[in-house]
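Subject: Structure handover

Hello,

Here is the structure you asked to look through. Please open it beside this email and follow along.

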Amino acid sequence: MKYCETIYQTKRRPTREVLIGPVGVGGSNPVRIQSMTTSSTRDVEATVDQIKRLADAGCEIARVTVQGIKEADACEQIKNELLKNGYLIPVVADIHFYPPAAMRVVDFVDKVRINPGNFVDKRASFKVIEYDDASYAAELERIEEKFTPLVEKCKRLKRSMRIGTNHGSLSDRIMNRYGDTPFGMLESALEFARICRKNDYHEFMFSMKSSNPQVMVQAYRLLVAEMYKLDWDYPLHLGVTEAGQGEDGRIKSAMGIGALLLDGIGDTIRVSLTEDAWCEIDPCKRLVNFAEEYANRPAGKLFVESQRQIENIQRRQVSMPRTVAMHRDGTVIVTLQPKDLNSAELTKNIGCEHKDGQLKLAVSTADGVFLPSIPQDKASQQVLGKLLDAGIGIFTEQTGLSGITALLPLNKAEALWQQQNKKERFALKLVKEESSPIAVKVTDADEGNWEKIAQLKPALIVLSLGSDRLHKARHFFEWLKQNDLKMPVILNFTYSCSQEDLVIQASTECGALLCDGLGEGVWLEGPYQIDFLRQLSFGILQAARMRMVKTDFISCPSCGRTLFDLQDVTKRIKERTAHLPGVKIAIMGCIVNGPGEMADADFGYVGSKPGMIDLYIGKKCVEKDISFAQADDRLVELIKREGRWQELAEASK
């Protein structure tokens with residue numbers, strides 16, 4: 001299924017240009033950066049100030065929430081004030097639930113974003129509703145009747161539109177026929193696009209957002225694949241919604257947005273963070289720059305891909321070795337130097353504690369450490385013994401060391417294999433010798449010698465690529481699958497960029513592979529703190545939904561609909577619940593995407609009305625209208641009642 005221009009090179013997908021005021025999106029334009037205000041749209045002065053600050057930071061398109069007619073009318077003043085101050089940045093109105101607001105605001109703004117899940121349909125009830133073909137067709141007619149006036153007005157006024165599908169707000173009708181899936185997101189978007197095209201209106205673009213990077217990536221790919229079939233060329237706005245705060249929010253966003261940009265997909269992006277809106281611009285710039293670097297690289301080796309199926313993503317089948325320390329949900333390896341073994345920072349670097357003379361493992365302890373050479377002094381040997389006793393694997397370039405995995409370049413592994421075969425042919429053995437496990441490091445230079453891997457049958461492959469990692473890795477995994485080789489593969493990538501760029505680049509490259517089920521672990525190297533590399537590796541595995549080592553927070557970035565201070569509330573809830581590995585908590589400022597995004601969370605904390613919070617288990621609201629002052633405690637009580645609570649000391653085990 002074709003979903004991008006090439007699989008061996010980053011080549012931008014050709015699209016038509018759609019104008020948002022004076023700013024072109026798609027066509028020959030660069031990838032545009034956008035964000036959204038968090039102020040009440042009725043507060044014209046505050047909203048204008050935020051848009052100006054966004055523009056000064058490098059934002060090229062600004063979105064404001066428009067709940068009703070008063071907010072729509074405020075947009076006229078907002079636009080006029082911006083123009084008076086010399087700001088030409090386009091303003092986009094964000095519409096949910098209320099078509100009359102869209103019809104009013106389109107007079108004043110440059111673009112309207114509508115959500116096909118709730119523009120006409122009511123908020124999803126998540127009930128099973130049977131739709132036969134006749135009733136389904138009647139619903140589509142109703143949508144066309146309600147949506148067509150906006151399409152006609154946008155066409156007449158030369159305003160653009162985004163058909164912005166969200167995984168969290170699909171309609172009951174879509175979910176009952178297509179499921180709460182990327183396929184449902186696809187059909188939801190196409191229904192509205194068909195109405196636009198029927199009216200010969202083409203100044204629109206799509207988005208297919210989800211808080212789950214894997215769902216988001218698949219939804220966009222399915223849409224692009226369908227557009228290739230239909231010969232459509234509409235631009236795309238990319239975003240991982242409700243990505244959260246800090247490093248975790250940047251990891252999730254880079255994983256989803258970056259993976260698509262490296263496929264040449266995407267014409268404008270937003271990194272949605274639970275932070276001040278202008279904080280979103282820097283990671284956007286880093287993502288765009290990284291994608292441009294990839295696009296400027298020469299094409300890699302051409303290959304035909306038959307094993308990776310974007311419509312049915314599954315993890316690669318592997319045979320986990322019994323003799324190498326690995327975790328079934330994703331392995332993390334860190335590099336140590338011999339001097340690090342006796343450093344006071346050792347336990348911090350590998351993520352464990354030293355208690356009663358032994359190493360005590362935690363949920364985010366590194367599974368393995370690599371040492372270029374094994375020191376022989378007594379103190380170091382004692383530390384190595386403690387590592388092995390704790391179950392932490394040791395990798396080194398030396399061979400023949402008991403309990404330690406030899407990591408060898410492909411040519412050295414082949415020489416060792418030939419030597420051992422020769423011994424076995426000419427030596428009479430009464431007792432078979434126990435050999436240490438062998439892991440093979442595969443680099444860019446080994447591309448012509450992959451067939452040796454089938455002969456060597458190593459316990460583990462370390463894929464250590466230096467450039468164009470995504471496309472070369474895809475080629476390698478394609479070869480492994482075609483040859484039915486099931487050794488696990490660790491992604492071993494070395495970086496030299498700034499730490500801020502490292503988060504973006506490693507999350508993009510590793511995430512693009514892991515979200516496709518390619519790779520069984522992460523080993524990051526470079527001039528950075530060991531502890532930082534370890535935590536980033538675990539963060540990448542968690543964002544790829546492989547290995548959960550801490551609470552996963554799904555929190556929206558705030559907007560004019562938000563009913564409480566999201567940054568403050570998210571910080572408070574994190575302080576009380578961040579120690580619950582595998583528990584997913586959604587923190588939503590309003591109900592727009594709340595119930596839908598609960599589908600991807602265990603517990604939900606949703607603003608329902610001023611001063612009131614609703615609590616959810618999955619999609620189901622279990623407690624309503626809790627006062628804001630009591631809501632945090634009630635959330636903790638709910639987690640405890642459901643048996644998901646752990647005390648801090650217990651959770652660290």
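First, the ground rules. This is a predicted model, in which local features need pLDDT of at least 70 and side-chain atom pairs count only at pLDDT 80 or more, while totals for chains, interfaces and linings use all residues. Residues are numbered from 1 along each chain as its sequence is written, and side-chain values use heavy atoms, with hydrogens and water left out.

The sheet

Start with an open sheet of eight strands. Its order is E8-E7-E6-E5-E4-E3-E10-E9, and the pairing is parallel. Strands (E, at least two residues) and helices (H or I, at least four) are DSSP runs, numbered from the N terminus. Two strands pair if DSSP finds at least two bridges between them. Strand E8 (204-209) and strand E9 (237-238) stand at the edges. Each has a single partner strand, so one side of each is left without a neighbour in the sheet.

Now look at strand E5 (residues 91-95). Four bridges pair E5 with strand E6 (residues 111-114) in the parallel sense. Ile95 stands opposite Ile114 in E6. Strand E4 (residues 61-65) also runs parallel to E5, joined by four bridges. There, Thr65 stands opposite Asp94.

Buried means under 20% relative accessible area, exposed means over 50%, and partly exposed is in between (1.4 Å probe, protein chains only). In a regular strand the side chains alternate between the two faces of the sheet. In E5, Val91, Ala93 and Ile95 are buried on one side, and Val92 and Asp94 on the other.

The cores

A nonpolar core is a set of buried Ala, Val, Leu, Ile, Met, Phe, Trp, Tyr and Cys residues joined through side-chain atoms within 4.5 Å. The largest one has 143 residues. Phe147, Leu150, Met161, Phe206, Phe476 and Ile540 touch the most other members. Helix H7 (residues 213-230) gives this core its largest share, 10 residues. Another core lies apart from it, with 27 residues, among them Phe564 and Tyr616.

Beyond its neighbours within four places in sequence, Phe476 is in contact (heavy atoms within 4.5 Å) with residues including Trp450, Ile461 and Val489. Ile461 and Val489 are also bridge partners. Strand E18 (residues 460-464) and strand E19 (residues 489-494) run parallel, joined by three bridges. Five of the six residues of E19 are buried, so this strand is largely enclosed by the rest of the structure.

The cavities

On a 1 Å grid over the protein atoms alone, a cavity is a set of points where a 1.4 Å probe fits but cannot get out; lining residues have an atom within 4 Å of a point. The structure holds four cavities of 30 Å³ or more.

Two loop residues

Asn199 sits in the loop between helix H6 (182-198) and E8. It counts as buried, at 18% relative accessibility. Asn449 lies in the loop between strand E17 (438-443) and helix H13 (451-456). At 28%, Asn449 counts as partly exposed.

Best wishes

Technical notes. On a 1 Å grid over the protein atoms alone, a cavity is a set of points where a 1.4 Å probe fits but cannot get out, and a pocket is an open set with protein on both sides within 12 Å along at least five of seven lines; lining residues have an atom within 4 Å of a point. Grid points are joined across faces, edges and corners, and a volume is the space filled by probe spheres set on the points.
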